[in-house]
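Trainee: Could you take one part of this structure and walk me through it slowly? I'd like to see how you read a model piece by piece.

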Amino acid sequence: LKNTSFLSVLQVFNYIAPLLVLPYLTRILTVEEFGTVMVAMSTVMIAYVITDYGFSLSATYRISKHRGDKEYINQLIGKIYMSKVGLTVIALIVLFSISLIPNFYEYRHIFWAGFLAIITQAYQPIWLFQGLERLEHFVIYMVVTKVFYVLLVFSLVSDSADGVWVMVSWSM
């Protein structure tokens, strides 16, 4: 019940943040800048799928089965993070390649600002907290970062060419 409650709070913030930010961005950014930011954010989400590589399912299961075995969990965390190094490099190459497409080349800095977002998302161990059934810490962290994202966007994005600041805010 506690974990479900915390995840429900997180879902509320996952919906509220875009509902606050998107109307603001559509008024401030040019159509091209806004579209490029959305493509870059979508690419970062695809990169998350690449870097997750199913660990959110398999690692959660393994950790929950071996919850009392700290040595096993530590070894599993090490293996997953080592695997994520290669997966993150692949995801960064994909993002970099998309930034070189002629239609996006003028806005490549927006894609490059997504590099930090890919790295930070790849190493968020939600699977660890799910497996240990200790979601309160993760949810508090995620809610604070969502609020921080909204505040950063409202404070940094004030010009029609500030799309890069949206990605920087997302990365933070």
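This is a predicted model: local features need pLDDT of at least 70, side-chain atom pairs count only at pLDDT 80 or more; totals for chains, interfaces and linings use all residues.

What follows is a close look at helix 8 and its surroundings.

Mentor: Let's start with the neighbours of helix 8. Two packed helices are described by the angle between their axes and the distance between the axes. Take helix 1, residues 2-28, and helix 8, residues 135-156: their axes come within 9 Å and cross at roughly 10°. Angles under 35 degrees count as roughly parallel, so helix 1 is roughly parallel to helix 8. The residues in that contact split into 19 nonpolar, 2 polar and 3 charged.

Now turn to helix 9, residues 163-171. The axes of helix 8 and helix 9 come within 8 Å, but here the crossing angle is roughly 160°. Anything over 145 counts as roughly antiparallel, which is why helix 8 is described as roughly antiparallel to helix 9. The crossing of helix 8 past helix 9 is right-handed. If you want to find this contact on screen, look for Lys146, Tyr149, Leu152, Val153 and Leu156 in helix 8, which meet Trp165, Val166, Ser169 and Trp170 in helix 9. Sorted by type, the contact residues are 7 nonpolar, 1 polar and 1 charged. Helix 9 has buried residues too, including Val164, Val166 and Met167. The buried residues of helix 9 pack against helix 8, and also against helix 1, helix 2 and helix 6.

Next, let's look at charges. Side chains of opposite charge can pair when their charged atoms come close. Glu136 forms a salt bridge with Lys2, with 3.9 Å between the closest N and O atoms. This pair ties together distant parts of the chain, since Lys2 sits in helix 1 and Glu136 in helix 8, 134 residues apart. How buried or exposed are the two partners? Lys2 is exposed, at 51% relative accessible area, whereas Glu136 is buried, at 11%.

Glu136 also meets Arg134 in a salt bridge, 3.4 Å from N to O. Arg134 counts as partly exposed because its relative accessibility is 41%. Through shared partners, Lys2, Arg134 and Glu136 join into one network.

One more pair belongs in this picture: Arg67 and Glu133 form a salt bridge, their closest N and O atoms 3.3 Å apart. Glu133 lies in the loop between helix 7 and helix 8, while Arg67 is in the loop between helix 3 and helix 4, 66 residues away in the chain. Arg67 is partly exposed at 38%, and Glu133 is partly exposed at 46%. In the whole structure, the search finds 3 salt bridges.

Definitions and conventions. Residues are numbered from 1 along each chain as its sequence is written. Side-chain values use heavy atoms; hydrogens and water are left out. Axes are lines fitted to C-alpha atoms, for helices over the stretch in contact, and angles run from 0 to 180 degrees between N-to-C directions. Helices (H or I, at least four residues) and strands (E, at least two) are DSSP runs, numbered from the N terminus. Angles under 35 degrees count as roughly parallel, over 145 as roughly antiparallel, 65 to 115 as roughly perpendicular and the rest as oblique. Ala, Val, Leu, Ile, Met, Phe, Trp, Tyr, Cys and Pro count as nonpolar, Asp, Glu, Lys and Arg as charged, and the others, Gly among them, as polar. Buried means under 20% relative accessible area, exposed over 50%, partly exposed in between (1.4 Å probe, protein chains only). Contact means heavy atoms within 4.5 Å. A crossing is left-handed if the near helix is turned anticlockwise from the far one by less than a right angle, and right-handed if clockwise. A salt bridge is a side-chain nitrogen of Lys or Arg within 4 Å of a carboxyl oxygen of Asp or Glu.
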